[in-house]
Amino acid sequence: YHACALISDGTVTCWGWNSDGQLGDGSNTDSYVPVAVAGGALANKTVTDITAGWSHTCALISDGTVTCWGYNSEGVLGDGSNTTSYVPVAVTGGALENKTVTDITAGQYHTCALISDGTVTCWGSNGDGQLGDGSNTTSYVPVAVTGGALENKTVTDITAGAYHTCALISDGTVTCWGWNSYGQLGTGDTTDSNVPAAVAGGALTDKTVTDITAGTFHTCALISDGTVTCWGYNGYGQLGDGSNTDRNLPVAVTGGV
C-alpha cells in the first residue's frame with residue numbers, strides 16, 4: 001500500500017501507507033503526495049535502485065551498500081535488530097560483510113540482495129524457507145543463499161514474491177525457493193523448499209530466460225524468443241494462459257493482444 005520513486009539526482013521519495021515508517025520521512029503519517037526519504041543511513045548518499053515490500057522499503061546506494069526502513073519485527077531491515085525504523089538504517093554484517101551489492105528485491109517480510117560475485121544473500125522472515133539458507137530460521141542479518149540448484153552457479157537477477165524468492169542464473173535457467181503451496185517455485189509440485197530448487201519442464205523446457213519477476217504468489221519469466229511463461233497462483237488469471245487454474249510448472253502466456 002505504498003510506492004516509491006528513484007529520482008535522477010539519486011534521492012528517493014515515497015507516498016501512501018506509512019503506519020510502520022515505510023515512507024522513510026521520519027514519521028508514521030500516511031501521505032497522499034510524495035515525501036522525501038531523508039536522514040539516517042541515506043544522509044549524503046546517492047541511490048541507484050529501490051524496492052518496496054509489504055511495509056518496508058530498501059535502497060541500493062552507489063557504494064554498493066544497502067539501507068532499509070519501515071517494519072522490522074521479522075528482521076526485514078537487516079540491521080541486526082527487530083526494531084522498526086522511520087528513517088533509513090544500514091544493512092550490515094552477516095553475508096554482506098565487505099561485499100558489493102548490485103541488485104535488491106523485497107518480499108512481504110524478507111529482503112534479498114544480489115552480490116557482485118554472483119551470489120545471493122537474504123534476511124528477514126524465513127518460516128517458509130524464503131531466505132534459501134537451508135533453514136526456516138528468521139535472520140536479522142544477511143545470510144547466504146546456498147546449495148541446491150545454485151551450487152557453483154552465477155546469478156544475474158533476483159526477484160521476491162510474498163514468501164518465495166527466485167534467481168536467474170547466467171546460463172538462462174531459473175531457480176526458486178520458499179513457500180510453494182500454489183506451485184510458485186515452478187518445480188512440478190507444491191512442496192516448500194528452503195534451498196534453491198530448479199524451475200524445470202513445462203513451457204521452459206529447453207528455453208533460455210532473460211528476465212524474471214514475482215508477484216505475491218506467482219512468478220513469470222521472459223524467454224529469449226520474446227515469449228513469456230508464468231507459474232503459481234492463477235485464481236485471477238495472472239498466469240495469462242486463458243485459465244484460472246494454478247500451475248506448478250511454467251505455462252505459456254498466450255492469446256489476447
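Modeller: Start with the cysteines. Number the bonded ones in sequence order, and they pair 1-2, 3-4, 5-6, 7-8, 9-10. The structure holds 5 disulfides. Keep in mind that this is a predicted model. A disulfide is a covalent bond between the sulfur atoms of two cysteines.

Take Cys4 and Cys14. Their sulfur atoms sit 2.1 Å apart in a disulfide. The torsion about this S-S bond is about 105 degrees, so the disulfide is right-handed. Cys4 lies in strand E1 (residues 2-6) and Cys14 in strand E2 (residues 12-16), so the pair ties together parts that are 10 residues apart in sequence. Cys4 and Cys14 are both buried.

Next come Cys58 and Cys68. They form a disulfide too, with 2.1 Å between the sulfur atoms. This link is right-handed, with 105 degrees about the S-S bond. It links distant parts of the chain: Cys58 is in strand E5 and Cys68 in strand E6, 10 residues apart. Cys58 has 0% relative accessibility, so it counts as buried. Cys68 counts as buried because its relative accessibility is 0%.

A disulfide joins Cys166 to Cys176, with an S to S distance of 2.0 Å. It is right-handed, with 105 degrees about the S-S bond. Cys166 lies in strand E13 and Cys176 in strand E14, so this pair ties together parts that are 10 residues apart in sequence. Both Cys166 and Cys176 are buried.

Look at the two strands themselves. Strand E13 (residues 164-169) and E14 pair in the antiparallel sense, over 5 bridges. Leu168 stands opposite Val174 in E14. The hairpin of E13 and E14 has 4 residues between the strands. In that hairpin, Gly172 takes a positive phi near 85 degrees.

Stay with E14. Val174, Cys176 and Gly178 point one way, while Thr175 and Trp177 point the other way. All of these residues are buried. That is 5 of the 5 residues of E14, so the strand is largely enclosed by the rest of the structure.

E14 has another partner. 4 bridges join E14 to E15, and the two run antiparallel. Gly178 stands opposite Ser193 in E15.

Follow the chain out of E14. The loop between strand E14 (174-178) and strand E15 (193-199) contains Gly183. Gly183 has 0% relative accessibility, so it counts as buried. What does Gly183 touch, leaving out residues up to four places away in sequence? Its contacts are Asp189, Thr190, Trp231, Gly232, Arg247 and Asn248. Tyr233 is 50 residues from Gly183 in sequence, but their C-alpha atoms are 7.0 Å apart in space.

Compare another loop residue. Asn126 is found between strand E10 (120-124) and strand E11 (139-144). Its relative accessible area is 0%, so Asn126 is buried. Its side chain reaches the backbone nitrogen of Gln130 at 3.1 Å.

Strand E6 (residues 66-70) and E7 run antiparallel and are joined by 3 bridges. Gly70 stands opposite Ser85 in E7. E6 belongs to an open sheet of 4 strands in the order E4-E5-E6-E7, with antiparallel pairing. The edge strands are strand E4 (47-52) and strand E7 (85-90), and each pairs on one side only. Neighbouring strands of this sheet are turned by 20 degrees against each other on average, direction ignored.

Cys68 also has a place in a core. In soluble globular proteins, nonpolar side chains tend to be buried together. The largest nonpolar core here has 15 residues, and Cys68 is among those with the most contacts inside it, as are Val66, Leu96 and Trp123. Strand E5 (56-61), E6, strand E8 (101-106) and strand E9 (110-115) each supply at least two residues of this core. A second, separate core of 13 residues includes Cys112, Val143, Leu150 and Ile158.

Definitions and conventions: Residues numbered from 1 in each chain as written. Predicted model: local features only at pLDDT ≥ 70, side-chain atom pairs only at ≥ 80, totals over all residues. Heavy atoms only, no water. Buried < 20%, exposed > 50% of the residue type's maximum accessible area, 1.4 Å probe, protein only. Contact = heavy atoms within 4.5 Å. Polar contact = N/O pair within 3.5 Å; in protein donor to acceptor, adjacent residues only side chain to side chain. Pairing = 2+ DSSP bridges. Axes fitted to C-alpha atoms, helices over the stretch in contact; angles between N-to-C directions. Core = buried A, V, L, I, M, F, W, Y, C linked by side-chain atoms within 4.5 Å. Disulfide = S-S within 2.5 Å.
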